[in-house]
Amino acid sequence: MLLEESCMNDKEVLKIENLFVHFGTGSKKEAVNGVSLTVQKGKITALIGESGCGKTTVALAVMGLLGKQDEVKWSKLEICQNMIQNISFRKWQFIRGNKVSMIFQDPLDSLDPLFTVGNQIIEGIRSHQKVSKKQAYNLAVKQLKNLQFEDAERIMKCYPFELSGGMCQRVMIAIAILARPGLLIADEPTTALDVTVQAEILKQIYQMSRNYNMGVLFITHDLGVVAEIADNVYIMHNGKIIEDGNVEKIFNHPVQNYTKALLESIL
Amino acid sequence: MFQFIFKRIVQLIPILFIVSIITFSLSSFSAGDAARVLAEREYIRPNTKEIELVRVKYGLDKPLPVQYCNWLKKVFKGDFGNSYKNNKPVLGEMIYYFPNTVKLSLGAIIIVICISIPVGIISALKPNSIFDYVGRFFSFFSASVPSFWVGLILLYVLGAKLKFISVLGGRNQGILIPAFTMAFGMCGANIRLMKASITEVLNKGYMQAAKAKGISCIRLYCKHGLKNAILPILTKTGIMFSGFLCGASIIESIFSISGIGKYALDAVITKDVPVIQGYVMLMAVIVVVINLAVDILYSLIDPRIKVQ
Amino acid sequence: MTKKILKQKGFIIGLAIVIFFILIAVFAPYIAPNNPLEMNISCKLQKPSSQYWLGTDNLGRCIASRIIWGARSTLLYSMTVLTAIVIVSIPIGLISGYVGGRTDAVIMRVIDIIMAIPSFMLVLAVAGTLGASARNMIIAMSSVWWAGYARIIRGMAIEVKQKDFILALKSAGCSHVKIITKHIFKNIAEPIIVLATLELGSIILAIASFSFIGLGAQPPTPEWGIMISDSKDYIQSQPQLMIYPGIAIIITVIGFNMLGEGLKNAFGRKLYE
């Protein structure tokens, strides 16, 4: 039994046990109330729920991005074999971007408007790899080309406001996966984009996950998206996980009434 | 870039044109007949005929638009006429007094920046801390106290009681105390602005995303944070600087500094119209130049501006 | 709403100060112990007494009476300026924001030009040519100060204009005039009141400054700025001459600022600055 668990650990890039988050804004309700979940290497795990159910809060808690006034507790949080417990800002900055990356809902808002795209990609690379500016530039261009940017050199010189939402999101993906993290957290990465661009971004996330054997925690409220790319699914409601399993199980044999209702709503 | 600057300069022309019309019309609004004032300088007690002679001599008999054109031509050559009081060229006098005002205003700006930026940053990073409360109290208080009163109190405490400075003012007074008085009222507003601006930037998505990238603390706050937060401060500093230059009269008259503000104030009391015209025109040009400088700096920092 | 306002200590204190100030200004003739203009050289620079509550100034005038009458001048001047600003800026801002297009562009251009002129400079120019007086100061101040206000109101009008209910009113055949005067105005009235209250503090400060350097009200008017100016020559021996009117200014301005802040917090709406 013990042996089996350590074998499992090798495959798990994220393991959360009993995560509680309480916002320091005076509300009595727990934003996240005892969530446990795991993400496996090379697999896409979807976290589904309606807006306000606490799914983004889970992601921010994992990334250590919640505010100081918010109360965050867990019995275990492990990212790529790194136990997270009372770690310093420096250690966090080693883990963030290196072991775990995140892409956000609004790509236009995620890039600093005052710096070129190239500057921001290179900055990310040089925070985790000891490479010269030139090498970092080449790495960045290569990664952009990988993400179907034909004219990567031109994109590097652009400012975020000169790019479309879809392009910005691809840049964000490039920044997120450059250090080849074991885990990528994607927080509604397609919600703010046009429908035509959505499919493209999803395809790229899927490919990157398979190519680099990267675990993805895919947060969404869109069941259609889940059906396309997810391997495992967690359903979240009012700060709790109410049902989990692989895609076939959830879609074909849902147990909870809430899950059934969710499924019915898209049919 | 050059195209942007050129465009901005072209946009300034109508502003200066309007200011020049207002300035010119000051003389015609002015109570009393300008020809009489001028004639009184040439003749001891000018009679009607002599006044008319002067009127023709200075072109004051021509229709107003013609007078305006003549006046503008002279202004372009740097000739604002001579002061009624001592008959010296206005431009020369202004050039003599102006550096003192610039020194004073620059000193005040430096004091405002040195106080408001650190206090603003700390209150933004640690809201509801003691530091934040002190900053908030100070900014509220400084917005409610007239600066001339602060100046007088400082004169009383430091001059009359502690004898650090001379109550009568004068040449070797130093500008620290006057500059501090000038800065006092603006510090509060600037602390507030700095705090608001940094708080806003800290809550932006790109700050979160940059943190998620795993960049260092210094890079996160100094590169991304400060550069974004500095934009509104820059605009405000420009406005503040023109405000200081134009509002210097009060501080200069309290501390007896011979700057351009006091020069203009004295001209107001003696109704020295050419001096007032020269002062308004010079200040308008300076304000416009400061605004232009701020715009250019802004466009250097923010790439989005040039496109608009 | 009322409950929320009354919960705030700052608002209550501010309101109390403002009411006190207004009462003093209105009933100055009945409150003041002496005639504020009456000079009595034989009892100049006296200590406080039952006849002269705060003593007398360099010309033997009652300081307390001058401060009480000064509240009246301050209230009169500041309210006149504020009324002028509001009357000019509201229609201009509303029209600029609602009509948009060319009209808006022209109005905004004019506003930009006016805002480029520091108000101090204009007051100085007007005082220098038309002569220094309270009336000229009020004219000069109002003619510059409305611009910033109009710009804020325009911003609010644009914001409200884009709301769906305005579209609904339009499609229901409501006339433009009625939409502007009734529906848009109603929606921005709250922030305008808050802004006006907050603005009064700085208007009072500006009026005192102009009078202090001789560009505004003229002596012997009982006015706080003038009183401080008169006391300049006695700074070494009689500092109380400038301290009393200074405190009067500070308390009044703090009162209006606290009231404004309290209203702002209570309305809890983002002010468009």
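Predicted model: local features only at pLDDT ≥ 70, side-chain atom pairs only at ≥ 80, totals over all residues.
Residues are numbered from 1 along each chain as its sequence is written, and chains are lettered from A and ligands numbered from 1 in the order in which they are written.

Chain B may be considered next. Its C-alpha atoms fill a box of roughly 85 × 60 × 30 Å, taken along the principal axes. The secondary structure of chain B comprises 14 helices and 0 strands; helices (H or I, at least four residues) and strands (E, at least two) are DSSP runs, numbered from the N terminus. Buried residues make up 39% of the 308 residues in chain B. A residue is buried if 20 or more other C-beta atoms lie within 10 Å of its own, exposed if 12 or fewer, and partly exposed in between, with C-beta atoms placed from the backbone. Of the contacts in chain B between residues at least 6 apart in sequence, 71% join residues at least 24 apart. Two residues are in contact if their C-beta atoms, placed from the backbone, lie within 7 Å.

An unreviewed UniProt entry places the feature "transmembrane region" at several spans of chain B, including residues 137-159 and 280-301. UniProt positions are given in the numbering used here, feature names are shortened, and annotations may be inferred rather than shown by experiment. In the model, residues 137-159 of chain B are 83% helix and 0% strand, with end C-alpha atoms 27 Å apart. Residues 280-301 of chain B are 100% helix and 0% strand, and their end C-alpha atoms lie 32 Å apart.

Chain B also touches chain C: 39 residues of chain B are in contact with 34 residues of chain C. On the side of chain B that touches chain C, helices that each supply at least two residues include α1 (2-29) and α10 (217-246). Helix α13(B) gives the most to this side, with 8 residues. By class, this side of chain B has 30 nonpolar, 8 polar and 1 charged residues. Here Ala, Val, Leu, Ile, Met, Phe, Trp, Tyr, Cys and Pro count as nonpolar, Asp, Glu, Lys and Arg as charged, and the others, Gly among them, as polar.

The contact between chain A and chain B takes 25 residues from chain A and 21 residues from chain B. On the side of chain A that touches chain B, α5(A) gives the most, with 4 residues. The residues of that side divide into 12 nonpolar, 8 polar and 5 charged.

Chain C has 11 helices and 0 strands, and its C-alpha trace spans about 75 × 50 × 30 Å along its principal axes. Buried residues make up 45% of its 273 residues. One residue of this chain, C:Phe21, is found in helix α2 (residues 9-26). C:Phe21 counts as partly exposed because it has 19 C-beta neighbours inside 10 Å. Not counting residues up to four places away in sequence, C:Phe21 touches C:Ala71, C:Thr252 and C:Gly255.
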